[in-house]
Amino acid sequence: MTRLFAVRLACTAAAAALAGVFVMSAVAATGHVVPVDLVDTSSKPAAPGMRVKPAAAKVKAGDVVFQVTNRSGSLVHEMLVVKLDKSGQALPYDAKEDKLEEDGIKSLGEVPELEPGKSGVLKIKLAPGVYALLCNQPGHYQAGMVTNFTVTQ
Ligand SMILES: [Cu+2]
């Protein structure tokens with residue numbers, strides 16, 4: 001009786017371990033996961049300004065899964081992925097609209113407007129190069145809501 005119970009426990013543990021392995025490989029197959037926080041002065045804790053904060057600044061080429069969360073207490077934010085020709089490249093700005101000209105930038109995908117506290121996912125295939133992760137809500141890019149993101153071989 002005691003022995004049988006022990007065997008059953010061992011089987012359960014093995015099944016759980018196997019399930020764990022399957023979950024891990026499923027994640028690996030769908031790409032590198034990069035959590036991204038969108039923050040500003042109304043976030044808790046408060047950020048010094050509007051920022052795009054990826055958990056990693058670089059990732060290997062291939063499928064990338066951006067898990068984007070708007071951590072603002074009051075503002076709508078979004079995240080666009082824009083291919084840059086080189087790091088620090090100036091992007092075409094529409095001063096009237098107070099935002100980047102979306103026709104003039106190579107946006108490869110986005111998590112559109114997120115209300116405070118909301119999250120969204122963008123799955124995208126990225127080749128090696130330099131990218132900008134940015135928010136193009138009016139005024140936000142100028143306020144510093146952009147960061148470089150590097151994709152390596
Ligand atoms: Cu924003």
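Colleague: How do you know that strand 5 and strand 8 are paired?

Modeller: Five bridges join strand 5 (residues 77-84) to strand 8, and the two run antiparallel; since two strands pair if DSSP finds at least two bridges between them, these strands count as paired. Within the pair, M79 stands opposite V111 of strand 8. The strands themselves are DSSP runs of E with at least two residues, just as helices are runs of H or I with at least four, and both are numbered from the N terminus. Residues are numbered from 1 along each chain as its sequence is written. The model is predicted, so local features need pLDDT of at least 70 and side-chain atom pairs count only at pLDDT 80 or more, whereas totals for chains, interfaces and linings use all residues.

Colleague: What makes strand 8 an edge strand?

Modeller: The open sheet has five strands in the order 3-11-10-5-8, with mixed pairing, and both strand 3 (58-60) and strand 8 (107-114) pair on one side only.

Colleague: Why does P116 count as partly exposed?

Modeller: A residue is buried if 20 or more other C-beta atoms, placed from the backbone, lie within 10 Å of its own, exposed if 12 or fewer do, and partly exposed in between; P116 has 16 such neighbours, and therefore counts as partly exposed.

Colleague: Which residues does P116 touch, leaving out those up to four places away in sequence?

Modeller: P116, in the loop between strand 8 and strand 9 (119-126), touches N70, S72, G73, S74 and L75, where contact requires C-beta atoms, placed from the backbone, to lie within 7 Å.

Terms used
Two residues are in contact if their C-beta atoms, placed from the backbone, lie within 7 Å.
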